[in-house]
Amino acid sequence: MNVRTALFWLGTITGIAYLVIGALGAWWPGHWDDAAAIDQIIWGALLVGGGVAVLAGLRIIEHSPRWGAILVAVGAVAGALVI
């Protein structure tokens, strides 16, 4: 396994984890008892949007390395903000 393959799989796992945690966490009933609704929306949007950006960046990184890297980086930061 080379570095490129390892980074691809690490990014894929991160993107899927952001999607799953964002979707489940945003709609988990007891998780948001004391929080405002906008917090729940922002939390879910950043995680789901970050996951989509990471996965989209990984998909296009072979054809457009610059835009792929930008999407992966922005998605990773967006998901990391709420974590």
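A residue is called buried when its relative accessible area is under 20%, and exposed when that area is over 50%. The model discussed here is a predicted one.

Q: In H3, which residues are buried?
A: With the cut-off of under 20% relative accessible area for a buried residue, helix H3 has several such positions. In the predicted model, they are Gly-68, Gly-75, Ala-78 and Gly-79.

Q: How wide an arc around the axis do the buried residues of H3 cover?
A: The residues concerned are Gly-68, Gly-75, Ala-78 and Gly-79, which are buried in H3. They lie on the same side of H3, because the arc that they cover around the axis is only 105°.

Q: Which residues are exposed on the other side of H3?
A: The buried residues of H3 pack against H1 and H2. On the other side of H3, the exposed residues are Pro-65, Arg-66, Val-74, Val-77 and Leu-81.

Q: What covers the buried residues of H1?
A: Helix H1 runs over residues 3-27 and has 25 residues, reaching 36 Å from its first C-alpha to its last. Its buried residues are Gly-11, Thr-12, Gly-15, Tyr-18, Gly-22, Gly-25 and Ala-26. What covers these residues includes helix H2 (37-60) and helix H3 (65-82).

Q: How far apart are the end C-alpha atoms of H3?
A: Helix H3 has 18 residues, and at 1.5 Å a residue they should span 26 Å.

Q: How many residues apart in sequence are the parts that the pair of Arg-4 and Glu-62 ties together?
A: The structure holds one salt bridge, which Arg-4 forms with Glu-62, their closest N and O atoms being 3.5 Å apart. Arg-4 lies in helix H1 and Glu-62 in the loop between H2 and H3, so the pair ties together parts whose separation in sequence is 58 residues.

Q: Are Arg-4 and Glu-62 buried or exposed?
A: A residue counts as exposed when its relative accessible area is over 50%. Although they are joined in a salt bridge, both Arg-4 and Glu-62 are exposed.

Q: Which helix gives the largest share of the nonpolar patch?
A: The nonpolar surface patch, of about 440 Å², is made by Ile-60, Trp-67, Ile-70, Leu-71 and Val-74. Ile-60 lies in helix H2 and is partly exposed, with a relative accessible area of 32%. The largest share, four residues, comes from H3.

Technical notes:
Residues are numbered from 1 along each chain as its sequence is written. This is a predicted model: local features need pLDDT of at least 70, side-chain atom pairs count only at pLDDT 80 or more; totals for chains, interfaces and linings use all residues. Side-chain values use heavy atoms; hydrogens and water are left out. Helices (H or I, at least four residues) and strands (E, at least two) are DSSP runs, numbered from the N terminus. The expected span of a helix is 1.5 Å times one less than its number of residues. Buried means under 20% relative accessible area, exposed over 50%, partly exposed in between (1.4 Å probe, protein chains only). Contact means heavy atoms within 4.5 Å. The arc is that of the directions from the helix axis to the C-beta atoms. A salt bridge is a side-chain nitrogen of Lys or Arg within 4 Å of a carboxyl oxygen of Asp or Glu. Patches are made of residues with over 30% relative accessible area and no salt bridge: like charges are joined within 9 Å, nonpolar side chains (Val, Leu, Ile, Met, Phe, Trp, Tyr) within 5 Å. Accessible areas come from the Shrake-Rupley method with a 1.4 Å probe; for residues, only the protein chains shown count as cover.
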